[in-house]
Amino acid sequence: MSWSIAVGGLLLLAVLLLVLHRERRRAASLQVQLDAAAIELQHLQEACARLAPAGVVQRLVAGGAAAESETAAERKVVTALFADLVGYTAMSERLEPAVLARVLNGYFQRASDAIHEHRGHVSTFLGDGILAYFGAVQPNPWQCDDAVRAALAMRAAIKEYNAELTREGLPPLGLGIGIHRGPGLAGMIGSRERREYGFVGRTVNLAARVQSLTRVHGVDILVTEAIREQLDTRFVLSPMPPEAVKGIAEPVLTYAVREDVKAGA
Amino acid sequence: MPSPLEQVAWEPCILEPQRDRALEAYARRKMGMPSSSTPYFTPAPWLARALVDLHPEYGLLLRLDHGVMDLVNLVVCQENSCRFCYAAVRAMLWAQGLSRERIERMERDLLRADLPPRTLAAMAFGRTQSRTGPAGASAARDALARAGVEAEEMREIAFAAALVDFSNRAHTIAAVPVRPMERMPDQLHTRLLRPLVNYLIRRSRSHGRPQPLARVPEGPHGRLIQAYAGSPIAPVLAEALDAMWASPILTRRCKLLVFAVVARGLDCEACGPEIGEALRKEGLTDEAIAAILTHLDGPELDSVERQVVSFARETIWYEPAVIQRRARALRGHLTGAQLVEAIGVAALANGLCRLGATVLEPAEKSDTA
């Protein structure tokens, strides 16, 4: 009798151990799946961070619909920087698509790094153009200085990049940058299916128009009067003759940015 | 128990830990256990002390529940992406008996956790104060009042959130090593010692008693300290500020400039005038102050001020790894003690400026009215 109880007990223990072992394996498997999902989510967030400011992405992920309404549009004074490649169309006809894509990506990376380094936010790539904002995501009373410093860093980065391209036998890139500051609407803008962080208003249009004036004046960085008024006076600027631009009634007065803060100042 | 913040990039520590037995013993006495971060801040003793003394759980609160304060801490640490402080708060919650599942459930969505509405309102208030600063102060106060939180408790929540903003920046900018803190709840010996740790935490935590404000310090933040008159927060805050101003590592003017830059970056009307007045007493003209704050530079600045002023603006809104790299770049321009003090002053300025905007705005309005 006692022998059969012992065997029964052992059998019960074996079954329990088996069940425990299976449950532990199941739990481990679920943990692995959970970790994989967490990593996937992290990658997704990183990918989203390329489409909108990281802070906005975090808020949307953390708060869902509530956060989306929280990050809805608000009126702000923002500095817009519009950059475009000079002679891109001619270059695109000469280069193989794969080479062209590599050259473009190299340019975008360097320009984005320069903008990010100076607290700007790249809003979008438009063909070979870049639209960036300063002071759109967080308040930034130093946005004009930041934007001009970013433009100067882009100039330096492109100069360095051109040396690399020339060594590879590729044509150098030319850059045109327009910077303007003014009011507009910043926030998550778009349709229900596709919404992105952006800034809309006349400020953006004028920055793009000023960029196009770089070809007229034969310079690479132009800022408007609104920028000059706020800018550190130690930046070296040259006034350009007023030019009419599409959509603006009065001719636009611009200044070419020659160099950073005056030496010894 | 991996935390959601473990994915946040974190640079190697930029400060050398320096043992100071007296300061470490002081922290241990006050906190009930050793503080692993104190040795990183000992070159600026006021900072090492302030990080302990200003912590509300050690007798500074009259009304706010410590459990609610822990959750406000957690949400603000998450907002600031401070891996060190987040891991510390998390470990504290765990040591006090919250299950891992409960903590993880709260972390998944802190503002929709299974908590009372007043607690959720306090957490949302702390997050707003930290995230939007003065811009969101008025709306945050209104939301808290709607949840039934009275003014005195609101001030305590605001102080708790401000202290976390201060602590988060100090630990994040210095990149204090996070792994030991993050691994703590997973280690066998800490699991075994959990009841003891819980006992030590509970023993060292206490509510304070009303304390009269013996004197209102002259100069900046007098109004802020006065706003806490009657609370034990006021004398402790006054003492911490006095020690910070008295520290000879950076000049008083340099520290004032840091406060001014942070106030300017946050567009804080509550703090700006007092700081401006103090800067004028240091011999700077209105024009010079305006020029420095507009362009973060000026011929009046010496080489240390130039570095520190430029760095101060980086501490207002930041990504941990980026601010840590920028702080590392300062090592070539400042002495070790200057760097520690610059980090501490900038961190404190961020906490107090956000606090001032929350606590002082109504007084400003009534003054003008």
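This is a predicted model: local features need pLDDT of at least 70, side-chain atom pairs count only at pLDDT 80 or more; totals for chains, interfaces and linings use all residues.
**Notes on the two-chain model**

1. Two packed helices are described by the angle between their axes and the distance between the axes. For helix 15 (residues 252-265) of chain B and helix 18 (residues 303-314) of chain B, the axes come within 9 Å and cross at roughly 30 degrees. Angles under 35 degrees count as roughly parallel, so helix 15 of chain B is roughly parallel to helix 18 of chain B. The crossing of this pair is right-handed.

2. Which residues make that contact? From helix 15 of chain B come C254(B), L257(B), V258(B), V261(B), V262(B) and G265(B), and from helix 18 of chain B come V304(B), E305(B), V308(B), V309(B), A312(B) and R313(B). By class, the contact of helix 15 of chain B with helix 18 of chain B has nine nonpolar residues, one polar and two charged.

3. The other partner is helix 16 (residues 272-281) of chain B, which packs with helix 15 of chain B at an angle of about 150 degrees, the axes being 9 Å apart. Angles over 145 degrees count as roughly antiparallel, and therefore helix 15 of chain B and helix 16 of chain B are roughly antiparallel to each other. Here helix 15 of chain B passes helix 16 of chain B in a left-handed crossing. On the helix 15 side of chain B you'll find L256(B), F259(B), A260(B) and A263(B), which meet G272(B), I275(B), G276(B), A278(B) and L279(B) of helix 16 of chain B. The class count for this contact is seven nonpolar, two polar and no charged residues.

4. Over to chain A and its hairpins. Strand 2 (residues 121-126) of chain A pairs with strand 3 (residues 129-134) of chain A in the antiparallel sense, over five bridges. Within that pairing, V122(A) stands opposite A132(A) of strand 3 of chain A. The hairpin formed by strand 2 and strand 3 of chain A has two residues between the strands, and G127(A) in the turn has a positive phi of about 60 degrees.

5. Strand 4 (residues 174-190) of chain A and strand 5 (residues 195-200) of chain A are also an antiparallel pair, with six bridges. A186(A) has F199(A), in strand 5 of chain A, as its bridge partner. Four residues make the hairpin link from strand 4 of chain A to strand 5 of chain A.

6. Finally, how many residues of each chain are in contact with the other? Eight from chain A and ten from chain B. The side of chain A that touches chain B divides into four nonpolar, two polar and two charged residues.

How values were computed:
Residues are numbered from 1 along each chain as its sequence is written. Chains are lettered from A and ligands numbered from 1 in the order in which they are written. Axes are lines fitted to C-alpha atoms, for helices over the stretch in contact, and angles run from 0 to 180 degrees between N-to-C directions. Angles under 35 degrees count as roughly parallel, over 145 as roughly antiparallel, 65 to 115 as roughly perpendicular and the rest as oblique. A crossing is left-handed if the near helix is turned anticlockwise from the far one by less than a right angle, and right-handed if clockwise. Two residues are in contact if their C-beta atoms, placed from the backbone, lie within 7 Å. Ala, Val, Leu, Ile, Met, Phe, Trp, Tyr, Cys and Pro count as nonpolar, Asp, Glu, Lys and Arg as charged, and the others, Gly among them, as polar. Two strands pair if DSSP finds at least two bridges between them.
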